[in-house]
Amino acid sequence: MERGLIPPGPTEEHWATGDLLDWLGRQFSRFGDTFRASVYGTTVYATRDLEFAYHVLIANWQNYVKGQFIKRVAFLLGNGLMVSEGELWKRQRRMIQPAFHPQSIGALTQMIAGVNAALLKKWQLAARSDSSVNVTRDVSAMALETVMRAIFGPDYELVGARFNLVAEEPARDWAFAQAFRALRKLILQVADRRRAETAGFYDDFLSFLMAARDPRDGQPMPDRQIVNEVLTLIVAGHETTASTLNWTWYLLSQYPEAEAQLVREASDLKHLPDLADLPRLPWSRQIIEESMRLYPPGWLMTRKALHDDRLGDYFVPAGTEIYIPPYFIQRNPAIWPDPDDFNPGRFDPAHAQDRHRLATIPFSAGPRNCIGERFARLEMQLHLLIIARHLRLRFVQSEPIELEAGVNLRSKHDFIMYPEIHDDGHLQTLKSR
C-alpha cells in the first residue's frame with residue numbers, strides 16, 4: 001500500500017503516570033479530530049472522526065483486533081468474549097448469541113423488578129428517617145445482584161455473596177484479579193453439581209452456556225471457556241450498568257425538570273412494563289441515552305491494525321493502535337450542540353435520522369458490539385421507572401465531581417444522596433399484567 005500522510009501530534013510521550021482521559025482531551029484541543037502519539041511506548045492514532053471510527057469498527061473491522069487497553073481486563077477475565085479474537089471469538093459469539101434473544105431477556109423482567117423493589121424499600125426507609133444513602137454503592141450492589149441472578153438462577157443464594165468483591169472493591173489491580181480468579185473453582189462446582197442432577201438445567205445463563213453447541217460441529221463449550229464467559233458476563237454486565245445509573249442519578253439531581261418529567265412517566269404506569277413496552281416510555285430511555293453520552297462507561301475503545309490501512313488521507317502502518325474514545329466523540333461540539341449540557345430531548349426519536357449512526361457508541365458498534373446491550377437497557381430503564389415512581393434523590397455536593405477513567409468511567413467519589421418520597425402512599429407496587 002502506498003504510504004500517505006501521517007497525522008500531526010505531540011512530541012511528548014504519554015506514560016501510565018498521567019491521566020489518559022485528560023491528556024487525550026488536551027491533544028484533541030491542540031491537533032483536531034485525529035492525532036498521532038506515543039502512548040505507553042506504542043504508536044497510536046487517536047480519532048474522534050466519525051468516518052474513521054466507522055471504518056475501523058464496521059467497514060474494515062476484520063483488519064483490526066482489540067488493542068492494548070483490553071490487556072487491562074484480559075488477566076482478569078481470561079479469553080472470554082470481550083477478549084478473544086479470530087475463530088475462537090466467532091465460535092463463542094455464535095454459541096452465546098441466542099441467550100440474548102429478546103424473548104430470553106424479556107423473561108428476566110420479574111427478577112429485575114424484584115431486585116429493584118428491595119432497593120426501593122431500603123431507600124424509602126432512609127427517606128422516612130431523613131437519612132442519606134450511598135447511591136454509588138447501592139446501584140453497584142443492585143447491578144451485581146441482577147447479573148448474578150441472571151447467570152446463576154436458583155444457585156444465586158449459594159454463590160452470590162462470594163462475588164460481592166466486584167461491587168465492594170473499586171480497584172482493578174493484581175490483588176483484585178487474584179481474588180476474583182479464585183472464584184473460577186466455584187463456578188465449576190456449580191456446573192458439576194448441575195450435571196449430576198437429573199433436573200440440572202435451569203432458565204439462566206449458566207445453564208444456557210452448558211447446553212450450547214457449536215452449530216458447525218455440535219461440540220459443547222469447554223468448561224474453561226464456560227468459566228471465562230461467566231466471569232466476562234459478571235464484570236461487563238455489572239460495571240456498565242452500575243456506572244451509568246450512578247451518573248444518571250447525579251445528573252437528575254442537577255436537572256429537576258428532567259427529573260420531574262421522569263416522575264410523571266413513571267407515575268402514569270399501570271403495570272410493570274415488559275421489554276415490548278419500553279419503547280413506549282421514551283423519556284426514561286432518553287435519560288439513559290443522554291447519561292451514556294456524557295459519561296460512557298466504556299470511555300475508550302482500542303484496536304490494532306493487522307495490515308497497512310488508510311484513514312482518509314492518513315496512512316496506517318500495520319501494528320498501529322487506533323484509539324476511538326466515545327467520551328470525546330460524544331462531547332464533540334462539531335457533532336453535538338452544547339455538548340456538556342444534560343438534555344435528554346436530544347434523543348427524541350424524531351431526531352434520530354439527523355445523527356450519524358456512530359454519534360453515540362456506548363456499547364461499541366459493528367460485529368463486536370456489546371452482546372448484552374439489550375439486557376443492560378432493560379435493567380437500567382426498569383430501575384429508573386421503579387425508583388422514580390416513588391422517590392426523588394437529592395444530592396448535597398461535598399466534594400468536587402471528578403472522573404476516574406480506568407477500564408470504565410467512574411466517579412472518583414461516591415454520590416451520597418437524600419431520598420425523598422414524592423408520592424402520598426397511594427401508588428402501589430407495579431404488578432405484571
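**Pocket, cavities and rings**

Author: Helix 7 gives the largest share of the lining of the largest pocket, 8 residues. Helices (H or I, at least four residues) and strands (E, at least two) are DSSP runs numbered from the N terminus. The model is predicted, with local features needing pLDDT of at least 70 and side-chain atom pairs counting only at pLDDT 80 or more, while totals for chains, interfaces and linings use all residues. Residues are numbered from 1 along each chain as its sequence is written, and side-chain values use heavy atoms, with hydrogens and water left out.

Reader: How much space lies in the largest pocket?

Author: On a 1 Å grid over the protein atoms alone, a pocket is an open set of points with protein on both sides within 12 Å along at least five of seven lines, whereas a cavity is a set where a 1.4 Å probe fits but cannot get out; lining residues have an atom within 4 Å of a point. Grid points are joined across faces, edges and corners, and a volume is the space filled by probe spheres set on the points. For the largest pocket, this space is about 730 Å³.

Reader: Which residues lie closest to the centre of the largest pocket?

Author: Helix 6 (109-128), helix 7 (135-152), helix 9 (165-168), helix 13 and strand 11 each supply at least two residues of the lining. By class, the lining has 12 nonpolar, 8 polar and 10 charged residues; Ala, Val, Leu, Ile, Met, Phe, Trp, Tyr, Cys and Pro count as nonpolar, Asp, Glu, Lys and Arg as charged, and the others, Gly among them, as polar. Of the 30 lining residues, the closest to the centre are Thr136, Arg137, Ser140, Ala141 and Ala167.

Reader: Which helix supplies the largest share of the lining of the largest cavity?

Author: The structure holds 3 cavities of 30 Å³ or more, and about 900 Å³ of space lies in the largest cavity. Its lining of 42 residues has Lys66, Met82, Ala236, Thr240 and Cys370 nearest the centre. The lining residues divide into 26 nonpolar, 10 polar and 6 charged. The largest share, 9 residues, comes from helix 13.

Reader: How many charged residues line the second largest cavity?

Author: The second largest cavity holds about 60 Å³ of space. Its lining consists of Val56, Leu57, Trp61, Tyr64, Arg303, Ala365, Pro367 and Arg368. By class, 6 of these are nonpolar, none is polar, and the number charged is 2.

Reader: What kind of aromatic pair do phenylalanine 52 and tyrosine 314 form?

Author: Rings of Phe, Tyr and Trp (its six-membered ring) pair if their centres lie within 6.5 Å; planes under 30 degrees apart count as stacked, over 60 as edge-to-face and the rest as tilted. The structure holds 20 such pairs. In this one, the ring centres are 6.3 Å apart and the planes stand at 75°, so the pair is edge-to-face.

Reader: How far apart in sequence are the parts tied together by tryptophan 247 and phenylalanine 415?

Author: These two rings form an edge-to-face pair, 5.5 Å centre to centre with 70° between the planes. Tryptophan 247 counts as buried at 0% relative accessibility, and phenylalanine 415 is buried at 2%. Because tryptophan 247 lies in helix 13 (residues 223-254) and phenylalanine 415 in the loop between strand 11 (409-411) and strand 12 (416-421), the separation of the parts is 168 residues.

Reader: In which loop is serine 364, with its positive phi, found?

Author: Most residues other than glycine have a negative phi. Serine 364 has a positive phi of about 65° although it is not a glycine, and at 17% relative accessible area serine 364 is buried. Serine 364 is found in the loop between helix 16 (326-329) and helix 17 (373-388).

Notes
Buried < 20%, exposed > 50% of the residue type's maximum accessible area, 1.4 Å probe, protein only.
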